[in-house]
Amino acid sequence: MFSLSAQTPRKDSGADGLSDLVALKPGDKIPDAVWNQPLELNYFNGKKKTIKFADLKGKLILLDFWSTGCPSCIENIPHMEDIQKRYPKGLSVLLVNSKRNKDTPSRIKLVLDRYKEKYNFEIKLMTILEDTMLTNLFPHNTIPNIAWINQDGVFLGNTLPDEVGLRNIETILENKTADLQLRSEFLNKDKVMDTPPIFDTAGVKFLSAITGYLPDYLPTYPNVIHKNGNSSYQMLNAAFNFMLVTAFKDELRGFENTDYVFENGQKDKIQKMLFGGSRREYQYCYQLFVDDTISSSKANRYFQQAFKDYFRLNVERKRGRISFYSVGILDNISSLKSKGGIPQVNINPEDGPIYFQNYPLINLLRLLHLYVDLPVTFGPPQLLRIDLRMPEGFIYMSTAEKLTFLETKGIMLTLHDQEKEYPYISRIY
């Protein structure tokens, strides 16, 4: 299927200038010897072409390191293709399959044939195969990994795919830099479930603290560990929503996030945090260290208090008369039936139009309260998968306009007012 070509630094006299290359750090310029290298680019229909890396000079270059053994790599490629289409002149996206992946032409064909059969998806971007040069220049120990090179040929750093959004790209196209959440190699890749403490606990009797996102760590989940008479409990790079439901397990048991009722003036701020998802400004780390052996329930109480102190938020179960919407599914919902494709979603208007592709309807219903002014309830799970693109500026429409648009697509929201139990999220002053 492919003619494999590796860009391997020579071990001879180094006439091509590659023998002395070392891994680049953010802020380093791409060496001339690299710009002068030919790159064999492979299309996934069997065609290929050779260019010089220098042919991409003057553009923002995104190197997307991938392999067939990484489903999230392949499932992110449609997003990279959309980004390439949006910026055809100022941006070049190049897929890079490293030699260390041990992908063969037959394996690549087998895996991508499955994606074609299941999702009717064929990759249109070009890829380098059996790469060694770029892999060594931009070191990383997990994939997917995106290496950013600006228009001046400066390596800005490595990020996860969630940094590849319109805001960052347009900022770089305008200013040649952006506030990227850079990382090199994850420090806990081989010990995710036993990550060393992120704070120094030498001589400490008790520590319970929350901090922001740490770019050099893979996410971990809460697990109380007892060792040498001490207890530790930590989570790394956890989304705000996950931390909320972990801190208030009893208060939120039996509720969906669509049931949340917010103190006046708090909804917009808290919902940004709740549904920031993978955005690093809404991810946090927590560490508890106790010079004693404690139970999991006690560890969670310490975490809940740390959550209250850090975010100044509280959750309690209440009962009273509230207004909410219920969802009704109309016959014209059939117009949204998905035409296939790899599932894709964007709920953040900063990253372009809000859209849902091959997306479970039930998951869309769970998001509707983001766009209206009250909690939303719905009935049994809906098995339909849908394609839906919201109108430009949908997020800024009035609630009445949003309800009208949704009804034209087969989703009717009906207003109710009744007494019921609900979770109440309020500010601690």
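A nonpolar core is a set of buried Ala, Val, Leu, Ile, Met, Phe, Trp, Tyr and Cys residues joined through side-chain atoms within 4.5 Å; buried means under 20% relative accessible area, exposed over 50% and partly exposed in between, with a 1.4 Å probe and protein chains only. The model is predicted, so local features need pLDDT of at least 70 and side-chain atom pairs count only at pLDDT 80 or more, whereas totals for chains, interfaces and linings use all residues. Residues are numbered from 1 along each chain as its sequence is written, and side-chain values use heavy atoms, without hydrogens and water.

**Exercise 1.** Determine which residues touch the most other members of the largest nonpolar core.

*Solution.* Step 1: this core holds 57 residues, and Phe307, Ile411 and Leu413 touch the most other members. Step 2: helix H9 (residues 296-311) supplies the largest share, 5 residues; helices (H or I, at least four residues) and strands (E, at least two) are DSSP runs, numbered from the N terminus. Step 3: beyond its neighbours within four places in sequence, Ile411 is in contact (heavy atoms within 4.5 Å) with Val327, Gly328, Ile333, Leu361, Leu364, Leu365, Leu368 and Leu406. Step 4: another core, of 34 residues, lies apart from it and includes Met80, Ile108, Tyr119 and Trp148.

**Exercise 2.** Describe how helices H2 and H3 pack.

*Solution.* Step 1: the axes of H2 (residues 71-86) and H3 (residues 105-119) are 12 Å apart, at an angle of about 55 degrees. Axes are lines fitted to C-alpha atoms, for helices over the stretch in contact, and angles run from 0 to 180 degrees between N-to-C directions. Step 2: H2 is therefore oblique to H3, since angles under 35 degrees count as roughly parallel, over 145 as roughly antiparallel, 65 to 115 as roughly perpendicular and the rest as oblique. Step 3: from H2, Pro71, Ile74 and Glu75 meet Val111, Leu112 and Tyr115 of H3. Step 4: the residues of this contact comprise 5 nonpolar, no polar and 1 charged; Ala, Val, Leu, Ile, Met, Phe, Trp, Tyr, Cys and Pro count as nonpolar, Asp, Glu, Lys and Arg as charged, and the others, Gly among them, as polar.

**Exercise 3.** Is Asn358 buried or exposed?

*Solution.* Step 1: Asn358 is located in strand E15 (residues 355-360). Step 2: because its relative accessibility is 9%, Asn358 counts as buried. Step 3: not counting residues up to four places away in sequence, Asn358 touches Tyr119, Ser338, Gly340, Gly341, Pro343, Arg385, Ile386 and Asp387.
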